[in-house]
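Q: I am new to this structure, and I would like to learn how to read it. Could you take me through it feature by feature?

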Amino acid sequence: MTSKHVRYANGLHLDRRGPLFIAGGNFRLRNRALWRKLVSLVERSRPEVAVIPIASANPLKSGEKIASHLAKFGLSAFVVPLSSTIGGGTEQSQGIYIADRIRNAGCVYFTGGRQARITGELLTTEGRPSPTLQAIYDCWSTGGVIAGSSAGAAIMGHYMFKLPAPPIEILLGGVRLGTDVDAGLGFLDPSWIVDQHFLQRGRLARLIATMAELDCQSGVGVDENTAVVVHKDEMTVSGETGAVILNLSTGFQDQSGPGFCYRGASLSFISEGDTYLMNRKTISPAPGKTLSGPDKEISKTIKHCGDIFAPGTVLNCLNAVTFEGNVESLATAQSKDSDQDQYGRQSFVFRFYRDPQKTLWYSDGDRHLFHDIRLDVYRGAL
């Protein structure tokens, strides 16, 4: 795996770079509020959007669908012909015209699909940017928005999930560089990695194990029909559910035994309107959300929340150690029956608990914010 292209993104003028709009997948066209949020980020003086649909199995259809939808919000969008599967020829035959048009656009939007198709088209085998990718960097460096959903979110980091193995396999055997993870396009700071469809598909296990393997201190898992907007030091949520933020700088990896083990990671969850300050690792709640904790008293009860891969488990675990007052909450990751021939029956425990000095939680009655919940992951069973 190579990430030589990273220096091209890092070399841009930091104070002029545009926002990143990172949607966690299943970005529904009927979610007009979230689309309006994206549109509001685009400078009125450059209202054209370059749609890059190469991740999709049907790029032309996917690209035209997004372009048509953006037109309803007053933006002019064009589909970038990166592949011979799109009418108009290859990237090379379009060359200078396409690159100039991207460079002058107000937004570049990557559709969902398979993220390896994006990097396969935009990076050379040496990991250097193609002319099209350099034009995208140029657009961003002058205030253009870089947006993407699902696969288009995964490529935002310097590393990305490529064709990852099942999470239990990553917990047991580690990360395969070049297969489970590979080089992304490097829009985010190198200390960050992105995962998508996060709560709906139960991806906490693979994110924390991958971060530890890559020595990546910060990770964000964006849920479906939800986006985080990243601009300078701020990461703000818009959409249906929220985003999980992992910070490994508070803990350590225990390598004394077999399989993955991490102690003392910090986990936060932010929802609509909340902002995470990325450098300071602090939070700014949305207007209307009031401080609900910490409570002075913590019960001695332990709540078992079930399968860590199930959609609602992570939020149930966070709620259990905050609003419900349990001393800790536990979830498990277990290998499936079909895995037993390869692994035997294996299990990992995810233990959530408060830091008495730092854990905070807020609510407006409907949406919550949890900050600095601690997390241990270790091999074992309940």
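A: Let us begin with a pocket: the second largest pocket holds about 310 Å³ of space. This is a predicted model, in which local features need pLDDT of at least 70 and side-chain atom pairs count only at pLDDT 80 or more, while totals for chains, interfaces and linings use all residues. Residues are numbered from 1 along each chain as its sequence is written, and side-chain values use heavy atoms, with hydrogens and water left out.

Q: What counts as a pocket, and what is meant by its volume?
A: Rolling a probe the size of a water molecule over the atoms shows where empty space is left. On a 1 Å grid over the protein atoms alone, a pocket is an open set of points where a 1.4 Å probe fits, with protein on both sides within 12 Å along at least five of seven lines; lining residues have an atom within 4 Å of a point. Grid points are joined across faces, edges and corners, and the volume is the space filled by probe spheres set on the points.

Q: Which residues lie nearest the centre of the second largest pocket?
A: They are F27, S62, I66, G112 and S149, out of 16 lining residues. Helix α3 (residues 59-71) gives the most to this lining, with 3 residues. Helices (H or I, at least four residues) and strands (E, at least two) are DSSP runs, numbered from the N terminus. By class, the lining of the second largest pocket has 5 nonpolar, 8 polar and 3 charged residues. Here Ala, Val, Leu, Ile, Met, Phe, Trp, Tyr, Cys and Pro count as nonpolar, Asp, Glu, Lys and Arg as charged, and the others, Gly among them, as polar.

Q: How much space lies in the largest pocket?
A: The largest pocket has about 400 Å³. It is lined by 20 residues, and the closest to its centre are R17, F187, L188, D189 and K232. The lining of the largest pocket divides into 9 nonpolar, 7 polar and 4 charged residues.

Q: K232 is a name to follow up; where does K232 lie in the chain?
A: K232 is in the loop between β10 (226-231) and β11. Its phi is near 55 degrees, a positive value in a residue other than glycine. K232 is exposed, with a relative accessible area of 61%; buried means under 20%, exposed over 50%, and partly exposed in between (1.4 Å probe, protein chains only). K281 also has a positive phi, of about 60 degrees, although it is not a glycine. K281 lies in the loop between β15 (275-277) and β16 (282-284) and is partly exposed at 26%.

Q: How many salt bridges does the structure hold?
A: Side chains of opposite charge can pair when their charged atoms come close. The structure holds 16 salt bridges, each a side-chain nitrogen of Lys or Arg within 4 Å of a carboxyl oxygen of Asp or Glu. One of them joins E240 and R28, at 2.8 Å from N to O. E240 lies in the loop between β11 (234-239) and β12 (242-247) and R28 in the loop between β1 (20-23) and α2 (32-41), so this pair ties together parts that are 212 residues apart in sequence.

Q: What does the salt bridge of R103 and D138 tie together?
A: These two side chains meet at 3.0 Å, N to O. R103 lies in helix α4 (residues 91-103) and D138 in helix α6 (residues 131-141), so the pair ties together parts 35 residues apart in sequence. R103 is partly exposed at 27%, and D138 is partly exposed at 22%.

Q: Which residues does a cis peptide bond join?
A: The cis bond joins G293 and P294, with omega about 20 degrees. P294 is in the loop between β17 (290-293) and β18.
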